[in-house]
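The sequence and structure are shown first, and the description follows.

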Amino acid sequence: MKKIGLFYGTTTTKTASIAKKIKEAFGSDKVDLLSVEDAWKKDFESYDNIIVGVATWFDGELPNHWDEVRPELEALNLKGKKVAIFGLGDQVRYPENFVDGIGILAETFESVGAKIVGFTSIEGYDFEMSRALRDHKFVGLAIDKENQSKLTNDRIKNWVEQLKKEFD
C-alpha cells in the first residue's frame, strides 16, 4: 500500500486524537500526519491515498482551519486520488446536521477529481439529517465521542481494515 497523507486540524483536540488512533491502526510507518493549517497544495497532491479529518461545528459548519483552506482545495488536481474522510459530531445536541463536515469535504474533494472511499453504515446512530449521507450510508467514518465514545475504537479499527482494501 502506498503512503497515506492524513490531514487534520490541530486546533480541535478530539479530531487530532482520532487522527492519531487511525495512524496507529494502520501502523505508524504507513501514515504521515499533516496539519491542515500548515498544508500546501503540493502536500495534498503528493499522496495518492488521502485521509482527512474534520469536526462539525455549530449548525453544520466547518471549523475555521478547513473553512479557510477550502478555496485552496478547490484549486487542486486530485484526479485519480482516493480520499477517505472521518468526522466528529454530536448526534444528540445537533441531530439535524450530524457530521455535516464530512459531506461538505466530500463535495469539495469530488469537485477536484478525487474518488471518495470509506463509506460506512448509519446503523447504530440516531440523528435526523446529515450532509454526509449518500444512499443511506455516511461518505466516511462518523464519530460521536460525546455520546458513543465506547464505540469509537471499534469503529476506527473496522474503518481502517476497510480502507486497507480500498486504498491501493
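## Helix 3 and helix 4

Helix 3 passes helix 4 in a left-handed crossing, a term used where the near helix is turned anticlockwise from the far one by less than a right angle, clockwise being right-handed. Helices (H or I, at least four residues) and strands (E, at least two) are DSSP runs, numbered from the N terminus. The axes of helix 3 (residues 64-73) and helix 4 (residues 100-111) come within 10 Å and cross at roughly 15 degrees; axes are lines fitted to C-alpha atoms, for helices over the stretch in contact, and angles run from 0 to 180 degrees between N-to-C directions. Helix 3 is therefore roughly parallel to helix 4 (angles under 35 degrees count as roughly parallel, over 145 as roughly antiparallel, 65 to 115 as roughly perpendicular and the rest as oblique).

On helix 3, W66, R70 and L73 meet I104, L105, T108 and F109 of helix 4, where contact means heavy atoms within 4.5 Å. This contact of helix 3 with helix 4 has five nonpolar, one polar and one charged residues (Ala, Val, Leu, Ile, Met, Phe, Trp, Tyr, Cys and Pro count as nonpolar, Asp, Glu, Lys and Arg as charged, and the others, Gly among them, as polar).

## Basis of the description

The model is predicted: local features need pLDDT of at least 70, side-chain atom pairs count only at pLDDT 80 or more, and totals for chains, interfaces and linings use all residues. Residues are numbered from 1 along each chain as its sequence is written, and side-chain values use heavy atoms, with hydrogens and water left out.

Strand 1 (residues 4-8) and strand 2 (residues 31-35) run parallel and are joined by five bridges; two strands pair if DSSP finds at least two bridges between them. Within this pairing, G5 has D32 of strand 2 as its bridge partner.

Helix 1 (residues 13-26) also packs against helix 5 (residues 152-166): their axes come within 9 Å and cross at roughly 50 degrees. Helix 1 and helix 5 are therefore oblique to each other. The residues of their contact divide into eight nonpolar, two polar and two charged.

An open sheet has three strands in the order 6-8-7, with antiparallel pairing. Its edge strands, strand 6 (120-121) and strand 7 (133-134), each pair on one side only. Two bridges link strand 6 to strand 8 (residues 137-138) in the antiparallel sense, and S121 stands opposite K137 in strand 8.
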